[in-house]
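Visitor: I would like to learn how the labels used for a structure follow from its values. Could we go through some of them slowly?

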Amino acid sequence: MQTCFSSFSVLSFVCALSTPTSAQQIWKVNCLGGAGVDFTDLPPAVAAAAPGDEIRVYRSYGTICPLGSYYTATLITKPLRIVGFDPSGSPYSSTPTRAEFQGAFVIQGIPAGQMVVLSNINLGQGIGSASQGGIVAVDCAGDILLEDVYYSSNWSTGSYVHFERCANVVLRRCSINLGGWPIRFIDSTALLTSTYVDHVPSLAWPFNYEQTSEALRVHTSTVTLIDSVLYGNDRYDPPPAYPITNWIERPAAVIESGTLRVGPATRLYGGFSGFPYPNEQAWAYRFAPPATGTVEQDPRSLIYHMPLPAYVPQPIPTDIHATYHAWVVGGEDFQVTVAGPANGFGLLAIGDWQPLALPTSLGPLAVTPASLTLLDIAPLAAGNGSFEWTLHCPSTAAVAHAFCMQAAVLSPTGILSLTVPSPLTVGWPNGQIP
């Protein structure tokens with residue numbers, strides 16, 4: 001990707017976003033068929049695509065689609081970029097348009113230096129205990145970016161969001177509505193940025209709901225939370241056939257081993273016991289015995305409720321510098337925030353997301369050096385050490401391509417370091433049909 005200016009400019013943003021990406025096949029999926037459409041469902045498109053291809057999935061409300069307005073989630077074993085698009089999206093909307101899917105996305109065996117991107121997707125599953133759905137990734141040495149993915153368990157017991165032996169997983173601007181099981185990270189490294197996680201009680205309770213649970217479980221993994229909100233399950237009264245221990249209020253996170261990093265603008269909430277109980281709130285996190293993990297907490301985050309009891313290992317105060325931002329949609333403005341050292345400076349940059357960040361003396365660099373474009377430098381506030389820019393994304397920005405925003409921050413004592421990055425894709429311009 002080539003840049004188109006060398007001086008700092010937040011007004012013109014980066015015309016590099018408009019630069020075409022390297023050549024690859026673009027496949028179009030529309031269940032209604034039509035001119036230029038390659039497939040009517042996702043699985044055959046994934047089977048036909050070569051590594052590095054892009055698949056555009058068009059949402060349709062037609063009744064002749066195999067699953068009504070839904071496409072079939074599928075197994076992915078090669079690096080692909082899959083983006084949803086709703087051609088009926090309002091030109092006045094401020095959120096990305098999405099395609100509807102049902103079932104389970106399973107991502108497996110992505111090699112180092114490669115990536116899978118899923119963006120602008122609504123994922124659900126059929127209601128009922130026999131239904132299986134969710135997002136599962138295993139044995140991926142490459143990168144996984146889930147961007148603007150909305151997942152709802154639809155109250156099914158067969159609902160899973162699970163990552164195991166994955167080198168670099170990013171959930172950005174996602175909304176995950178769980179169904180009694182937590183998001184699980186095992187032997188993995190993950191970043192949840194601007195992501196919301198909660199639980200959806202069953203309309204057919206208790207038959208489609210096996211237990212309450214935490215929002216997140218960490219096992220021999222490092223999980224970083226930036227600008228995110230996690231809720232543990234509230235208590236539910238089970239019928240006599242179910243053990244009461246499965247249905248109590250739960251914390252937002254359980255750490256079996258590894259490290260949970262609670263970064264700026266993040267909130268963790270324990271579930272409530274509710275009426276007729278004292279309506280007490282569970283601790284925001286706990287350790288599964290034996291306690292072999294750690295929790296690091298940036299002072300700009302909130303862990304409810306505090307203080308934790310003496311027998312729970314206390315969070316380690318840590319300054320976690322981060323970059324995070326709102327929706328990025330072609331033709332619209334968006335906000336970018338850098339949280340760094342108070343009274344310091346932040347230098348904001350953008351470029352292509354780099355599979356497996358490059359180690360540097362300042363910290364991991366997640367932007368490929370050849371694509372890096374400097375945007376602006378600004379003083380960080382004396383109180384919370386942050387600064388917010390308003391940028392404009394050009395309507396010609398490449399969609400489905402993995403960009404990344406990251407900042408270098410300078411402390412008043414002269415220490416220079418890199419923030420936690422924020423990978424992103426660009427949403428389709430609302431009201432336009434590609």
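Visitor: Where does Ser88 lie?

Guide: In this predicted model, Ser88 lies in the loop that runs between β5 (81-85) and β6 (99-102). Ser88 and Gly431 are 343 residues apart in sequence, and their C-alpha atoms are 6.7 Å apart in space.

Visitor: How many aromatic pairs does a search of the whole structure find?

Guide: The search finds twelve aromatic pairs.

Visitor: What makes the pair of Tyr285 and Phe287 edge-to-face?

Guide: Their ring centres are 5.7 Å apart, and the limit for a pair is within 6.5 Å; their planes stand at 85 degrees, and over 60 counts as edge-to-face, so that is the name this pair receives.

Visitor: Are Tyr285 and Phe287 buried or exposed?

Guide: Tyr285 has 0% relative accessibility and Phe287 has 10%; because buried means under 20%, Tyr285 counts as buried, and Phe287 counts as buried too.

Visitor: Which residues form one aromatic cluster?

Guide: Tyr196, Tyr231, Tyr269 and Tyr304 form one such cluster.

Visitor: What lies over the face of Tyr150, and what sits over the ring of Trp327?

Guide: Arg98 lies over the face of Tyr150, at 4.1 Å from the ring centre, while the charged end of Arg173 sits over the ring of Trp327, 4.5 Å from its centre.

Notes
Residues are numbered from 1 along each chain as its sequence is written. This is a predicted model: local features need pLDDT of at least 70, side-chain atom pairs count only at pLDDT 80 or more; totals for chains, interfaces and linings use all residues. Side-chain values use heavy atoms; hydrogens and water are left out. Rings of Phe, Tyr and Trp (its six-membered ring) pair if their centres lie within 6.5 Å; planes under 30 degrees apart count as stacked, over 60 as edge-to-face and the rest as tilted. Buried means under 20% relative accessible area, exposed over 50%, partly exposed in between (1.4 Å probe, protein chains only). A charge sits over a ring if NZ of Lys or CZ of Arg is within 6 Å of the ring centre and within 35 degrees of the ring normal. Helices (H or I, at least four residues) and strands (E, at least two) are DSSP runs, numbered from the N terminus.
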